[in-house]
Every structure is written in C-alpha cells, then in structure tokens.
Amino acid sequence: MTTAFDPIVLGGKPLSNRLVMAPMTRSRAYGPGAEPTELMATYYAQRASAGLIVTEGIQPSPVGQGYPDTPSLHTSGQVRAWRTVTDAVHREGGVIFAQLMHTGRIGHPSLLPDGLVPVGPSAVAAKGQVYTHEGPKEYVTPNELSEADIRQTLTDFADAARHAVEAGFDGVEIHGANGYLIHQFLADNSNLRTDAWGGDTEGRIRFAVEVVTAVAEAIGSDRVGLRISPGNQYNDMSEDNPGEVYGALLGRIAGLDLAYLHLMEGPDRDLTARLRKAWSGTFVLNPFTYPDVTGPDALKLIEDGSADMVAYGALFLANPDLPRRLVAGGPFNTPDKATFYGGDHRGYTDYPALSA
C-alpha cells in the first residue's frame, strides 16, 4: 500500500514524501520592489521537509497584483531576491515551486503602480471588498482585456516562469483557481465575452489552455503544475457546469504531460473522483475539510488512491516540521485562525475561506 511518506518522482525530480505545503498568501514582501525578504527565506526553509513546497502567489506582472505586499517575479531584482529563498530551501534538502498568480479583477488601483487598473476577461466588477493599506475598499470594474492584452498576459506568464527557473525554483504552479484571472475566464459570471475567449466551453477554457501551453513551452512541461478549484464561489465566482468545463480543460492539456494537477476540492467529492480518473498524471489534492483545517485523516487519501499527493495549508503554518509530526501521529500545534482568516496575512487553504 502506498502511503504519504513514500517517495515519488515529480516531473523527473525525486521527492522524499507525498506531502505538499499548499500555497498561502503571507503579504511579507514589504517595500516598493515587491521583493521577497529574509523572513520569507527563513519561513520556507523551516518547512523544507515537505515533499514539495508551493509558494504563496507571485504576480507575473505589475497589474497582476491584488493584495498588499505580495511578491512579484518580473524584474531582475526580484529574481535575485527569490534566489535567497530557493537557496535556503535547497540547503535544507527541499523542493520548491513558484506559484504564478495573476489576480485579474480582484484588487484595487491603490495597490497598483503608474495608474494601472485591475483587468479581467469582461468589465464586470466582483462583489465585495479587498484589503488595502488604507483599509477595505470595494472592488472596481476591471478593464476588459483586448486581444493584444491577452497575448501580452500570456507572454508575462511565460517570462515569469523563465524568471522562476533563473531564480532557482524547481518549477512553477499556475494558479487557475479561487476567483483569480484564469478562473475568471472559466466562470460564467465573470466572462461575458462572445469572441474566441468566451462563450461556449471551448472558448472559456482557451485562456487557461494557452497559459499552460506558453509556460510549458518556456520552461518544459515537467516543471509545470496547474491548480484548479471547480465550483469554488470564493471571490464572487459562479460556474453553472464545472464538470463539463473542467473535464474539457483536462482533456485539452492532457497531452502536455505536466508535472501535476493540483485540485482545491469543493464539497462535491464525486467531481473530484471524476477529475482524478480523467487525469493520468500526478494528482495533488487539497481536500475539502471546511470549516476544519486539513488534518491527519487526509493521509488516507493517498492510501485509498484518491490522490498521489496531499496538500496541507494551515497545519503547515503552525507546524513547520509537519511531516515528522504526521509520521509520529502528533502532537500538533493548533493553527491560530486569526492568522489565516482575513486581514493582510491570508493563509487558510480549505474551501471556501481565504486562500492563495
């Protein structure tokens, strides 16, 4: 029987176990350069015993930023700063992927430089508020991406992936979940386009397919993972038929031979099983446990074949040596929910709460 503590090869790279540190927004890239700090290097190195670390969301371009003090990966200075993080993790024997996250319409002009405005597939504002340094602000109506804008965004993702490799990352995870830009193209209420980037299922999945393809061509498909969250309503998302849309998406990218698919599960376990069956590659599961954090019971998902790897979020915050504690059966520090519900230090990864 396969267990979570057995090794696995991911994209040709051996991992010591099947435990993933889930991506969690920390908002610790203080300063105008949106560069990672020494604190971040320490934080990730402390958790290097995970089979795989996926970083907090990293914006691939200035307009991709949706929260205060989140890090970027589109300048040479940011590449150099991220190298301190990857070097620290590698010294501890860890493997780390950079999560590329363009927030799209989720954000506010006050968070962006040079008078930029958030963008999206359509000029439809999300309901709700975003945290800024001046306090909560209502989401604004985003600028609808033109064909040229979309092509530039694809280039931005590919360039950020190249920068990630230059910075020493072992690969990248493309964030296609939780109401951010890629998810906005997939969803019914945020994508009202009638051109080739919207409308029917094929049009809705096109942006996701082309982002994944561009990144895979830039750095090699064995260094690329994709995160999805079918049916997740977070950030004002609405999807009428996630089974059809995500089934079609997986069918279109199956031939790319990606390193993995990362599913942030909702309450529909049947959909999880269908997507698991449809995906022939490595399947990473961030299981639905809301309102509780993902705990030791999730290890059974490896044993029963529901997933190849399982992702832990909040429990990794409170227990940097989580793999050792899971092997021993505890004890576990209890996560402080004040650190991962709301505010400017988000990190709760279980649907539908705040998450990277």
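This is a predicted model: local features need pLDDT of at least 70, side-chain atom pairs count only at pLDDT 80 or more; totals for chains, interfaces and linings use all residues.
Strand E4 (residues 52-58) runs parallel to strand E5 (residues 96-100), and four bridges join them. Helices and strands here are DSSP runs numbered from the N terminus (H or I, at least four residues, for helices; E, at least two, for strands), and two strands pair if DSSP finds at least two bridges between them.

Some ground rules: residues are numbered from 1 along each chain as its sequence is written, and side-chain values use heavy atoms, with hydrogens and water left out. Local features need pLDDT of at least 70 and side-chain atom pairs count only at pLDDT 80 or more, while totals for chains, interfaces and linings use all residues.

**Barrel and its helices**
- Eight strands make a closed barrel with parallel pairing, in the order E3-E4-E5-E10-E11-E12-E13-E14.
- From one strand to the next, the twist averages 25° (axes are lines fitted to C-alpha atoms, for helices over the stretch in contact, and angles between N-to-C directions run from 0 to 180 degrees).
- Helix H3 (residues 147-166) packs on the sheet, touching E5 and strand E10 (171-175), and its direction makes about 160° with that of E5; contact means heavy atoms within 4.5 Å.
- Helix H6 (residues 242-253) also packs on the sheet, against strands E11 (224-228) and E12 (260-264), at about 175° to the direction of E11.

**H3 against H5**
- H3 and helix H5 (residues 201-219) pack at about 35°, their axes 9 Å apart.
- Residues in H3 including Ile150, Leu154, Phe157 and Val165 meet a set in H5 that includes Phe207, Val211, Val215 and Ile219.
- Sorted by class, this contact has twelve nonpolar, one polar and four charged residues (Ala, Val, Leu, Ile, Met, Phe, Trp, Tyr, Cys and Pro count as nonpolar, Asp, Glu, Lys and Arg as charged, and the others, Gly among them, as polar).

- Tyrosine 290 and proline 291 are joined by a cis peptide bond, omega about 10°; proline 291 sits in the loop between strand E13 (283-286) and helix H8 (300-303).
- Another cis bond runs from glycine 330 to proline 331, with omega near 0°, and proline 331 lies in the segment after helix H10 (322-328).
- Aspartate 69 isn't a glycine, yet its phi is positive, near 60°; you'll find aspartate 69 in the loop between E4 and helix H2 (76-91).
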